Amino acid sequence: MDVFNLATLAKYQADKMAKVDVASSKHLICGLNCFEPGQVQKAHAHKGADKLYVVMEGRGEFSVGAEKRTLGAGE
């Protein structure tokens with residue numbers, strides 16, 4: 001079994017959000033989306049799949065349908 005300290009895997013780019021692949025299988029993709037302040041990710045969907053986000057540090061605004069929430073670390 002692999003164990004990861006996700007904070008040590010995070011990478012950041014000044015010009016756009018950075019993506020880091022952590023693990024994947026036939027049914028799961030796990031990655032980090034790393035944002036600098038002010039960076040955004042365009043709204044999108046993954047057909048036939050759910051997506052889980054966890055804020056590791058800082059705050060971010062999340063939208064699902066018409067609902068918007070600002071979430072902080074641990075949420």
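**View 1. Met17 in the loop between H1 and E1.** In this predicted model, Met17 is found in the loop that lies between helix H1 and strand E1. With a relative accessibility of 15%, Met17 falls under the 20% cut-off and therefore counts as buried. Once neighbours within four places in sequence are left aside, Met17 is in contact with Asn33, Cys34, Phe35, Gln39 and Gln41. Pro37, which stands 20 residues from Met17 along the chain, has its C-alpha atom 9.8 Å from the C-alpha atom of Met17.

**View 2. The hairpin formed by E1 and E2.** Strands E1 and E2 form a hairpin, with four residues between them. The two strands run antiparallel, and six bridges join E1 to E2. Within this pairing, Ser24 stands opposite Ile29 in E2.

**View 3. The largest nonpolar core.** Five residues, namely Ala18, Val20, Val22, Leu32 and Cys34, make up the largest nonpolar core. The elements that give two or more residues to this core are strand E1 (18-24) and strand E2 (29-34), and the largest share, three residues, comes from E1. In soluble globular proteins, nonpolar side chains tend to be buried together. Ala18, one of the core residues, touches Leu32 and Cys34 as well as Lys11, Tyr12, Gln13 and Asn33, when residues up to four places away in sequence are not counted.

**View 4. The largest pocket and its lining.** The largest pocket holds about 1,900 Å³ of space, and 48 residues line it, of which Asn33, Phe35, Gln41, Tyr53 and Phe62 lie nearest its centre. Helix H1 (6-9), strands E1 and E2, strand E3 (59-64) and strand E4 (67-72) each supply at least two residues of this lining. By residue class, the lining of the largest pocket divides into 24 nonpolar, twelve polar and twelve charged residues. Among the residues nearest the pocket centre, Asn33, Phe35 and Gln41 are also contacts of Met17, the loop residue of View 1.

**View 5. Arg59 in strand E3.** Arg59 has its place in strand E3, and its relative accessibility of 61% is over the 50% cut-off, so Arg59 counts as exposed. Leaving aside neighbours within four places in sequence, Arg59 is in contact with Thr70, Leu71 and Gly72. The C-alpha atoms of Arg59 and Gly72 are separated by 4.3 Å, although these two residues are 13 residues apart along the chain.

Note on methods:
Residues are numbered from 1 along each chain as its sequence is written. This is a predicted model: local features need pLDDT of at least 70, side-chain atom pairs count only at pLDDT 80 or more; totals for chains, interfaces and linings use all residues. Side-chain values use heavy atoms; hydrogens and water are left out. A nonpolar core is a set of buried Ala, Val, Leu, Ile, Met, Phe, Trp, Tyr and Cys residues joined through side-chain atoms within 4.5 Å. Buried means under 20% relative accessible area, exposed over 50%, partly exposed in between (1.4 Å probe, protein chains only). Contact means heavy atoms within 4.5 Å. Two strands pair if DSSP finds at least two bridges between them. On a 1 Å grid over the protein atoms alone, a cavity is a set of points where a 1.4 Å probe fits but cannot get out, and a pocket is an open set with protein on both sides within 12 Å along at least five of seven lines; lining residues have an atom within 4 Å of a point. Grid points are joined across faces, edges and corners, and a volume is the space filled by probe spheres set on the points. Ala, Val, Leu, Ile, Met, Phe, Trp, Tyr, Cys and Pro count as nonpolar, Asp, Glu, Lys and Arg as charged, and the others, Gly among them, as polar.
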